[in-house]
Amino acid sequence: MTVLAIETSCDETSVAVIRNGRVLSNVIASQVELHSEYGGVVPELAAREHLRKLAPITRGALASARVEPAQIDAVAATQGPGLPNALLIGFKAAQAFAFALEKPFLGINHHEAHLYSPWIAGDRADFDAFQLNVSLIVSGGHTILVQVLAELTHVVLGSTIDDAAGECFDKVAKLAGLPYPGGPEVDRLAVRGNPKAFEFPRPMLRDQSDDFSFAGLKTSVRYFLEKNPNLLEDAQRMCDLCASVQAAIVEVLVTKTIRAARRLGVRCVTASGGVTCNRGLRQGLESACRDERFTLRLAERQFCTDNAAMIGVLAERKLMHSTRKTSLDAEILPGMSLAEAPIEAR
Ligand code: KG4
Ligand code: ZN
């Protein structure tokens, strides 16, 4: 089966071609530069840029996969969650492709695609290695802990009650005057910093629920910087600040993920989403899983941030296991939650 997949939920225009579990192409045009001067994603600009880029990116993805439109068996696109106007561009274009090619169409939940992205290894989907797992999805907009009961069957254990982990990274970076997007900057500076230099709160660490909260941590960094305004001029203390904030975020994410896996008797942990690029988080999960003798599957860096390969890989698995299709008249679902993602039994 050959699937053409489109992802335009936020600020990356991405088109991928997947064939029988192989990622034939995965072209990503990031809009980081466009939004950086505003310090965050401007939804209207994002939509216009998707509109401008989608046709050339699609042509590029087909060309690098050496696939002709007539060889496509199905078309998939992100249906939600995401920025409404951004989603609309990719979703409606994908429906139009499916209509023109007279092929089935499938709308995909963006988080569900992140959830299964750790099973993509290099250029192919590696579902032979699949194990039941507890999975952490950490992106700019969401922090979700999920139990995967079987391939394509999962329950949400908890999520953030306010800011997401990525949002916390980005907002702290902004307070510290670092360029957008802040997460990768904090990561870069943290390498040279002392994570024990400053003590920041670990919100909800001892709370028995699987929910997260990061707004308080951000606020405590704001107060800390108000009291220590000169810190921003000292390169080493800036690195210490980044390392200390990162350590607080990572400790909460790692502790709660491992605790959920232990409680549920699950011996495999996975992680995905943009924040999974973070070196502190990768190392934290690696060392905790080593101690617990858990199997760890981290999404590869190229599949952590938004990409169409994860959309296409999930779409292909769904088309293999179920006959469900999405109507060509279906609408985007900007507020779609993972709990609403249609669950298919095998
Ligand atoms: O999954 P993603 O690309 O987009 C959403 O669906 O939100 O995640 C983007 C988020 C941003 O908040 C960005 O700052 C964060 O991931 N991020 C990082 C790193 N790389 C990306 N956060 C911390 N360290 C990183 N290395
Ligand atoms: Zn995402």
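In the predicted model, Arg 293 is found in the loop that lies between helix H9 (279–292) and strand E12 (295–298). Although Arg 293 is not a glycine, its phi is positive, at about 55°. Leu 152 is found in the loop between E9 and strand E10 (153–159). The relative accessibility of Leu 152 is 1%, and this residue therefore counts as buried, the limit being under 20%. As a general rule, most residues other than glycine have a negative phi, and most peptide bonds are trans.

The bond from Gly 80 to Pro 81 is cis, with omega near -10°. Pro 81 is found in the loop between strand E4 (74–80) and helix H3 (84–101). The bond from Tyr 180 to Pro 181 is also cis, and its omega is near -5°. Pro 181 has its place in the loop between H5 and helix H6 (182–190).

Helix H5, which spans residues 165–175, packs with helix H8, which spans residues 235–264; their axes come within 11 Å and cross at roughly 175°. Because an angle over 145 degrees falls in this class, H5 is roughly antiparallel to H8. The contact involves Ala 165, Cys 168, Phe 169 and Val 172 on the side of H5. In H8 these residues meet Val 245, Gln 246, Ile 249 and Leu 253.

Strand E8 (residues 133–138) is mostly covered, and six of its six residues are buried. In a regular strand, the side chains alternate between the two faces of the sheet. For E8, both faces are covered. Asn 133, Ser 135 and Ile 137 are buried on one side, while Val 134, Leu 136 and Val 138 are buried on the other.

The pairing of E8 involves two strands, E9 and E11. With strand E9 (residues 143–150), E8 pairs in the antiparallel sense over six bridges. E8 and E9 form a hairpin, and four residues lie between them. Within this pair, Asn 133 stands opposite Val 148 in E9. Strand E11 (residues 268–272) runs parallel to E8 and is joined to it by four bridges. Here Val 134 stands opposite Val 269 in E11.

His 110 and His 114 both belong to helix H4 (residues 110–116), in which they are four residues apart, or about one turn of the helix. Both of these histidines are buried.

For comparison, the ideal angle at a metal with four tetrahedral donors is 109.5 degrees.

Definitions and conventions. Residues numbered from 1 in each chain as written. Chains lettered and ligands numbered in written order. Predicted model: local features only at pLDDT ≥ 70, side-chain atom pairs only at ≥ 80, totals over all residues. Heavy atoms only, no water. Buried < 20%, exposed > 50% of the residue type's maximum accessible area, 1.4 Å probe, protein only. Pairing = 2+ DSSP bridges. Axes fitted to C-alpha atoms, helices over the stretch in contact; angles between N-to-C directions. Parallel < 35°, antiparallel > 145°, perpendicular 65-115°, else oblique. Contact = heavy atoms within 4.5 Å.
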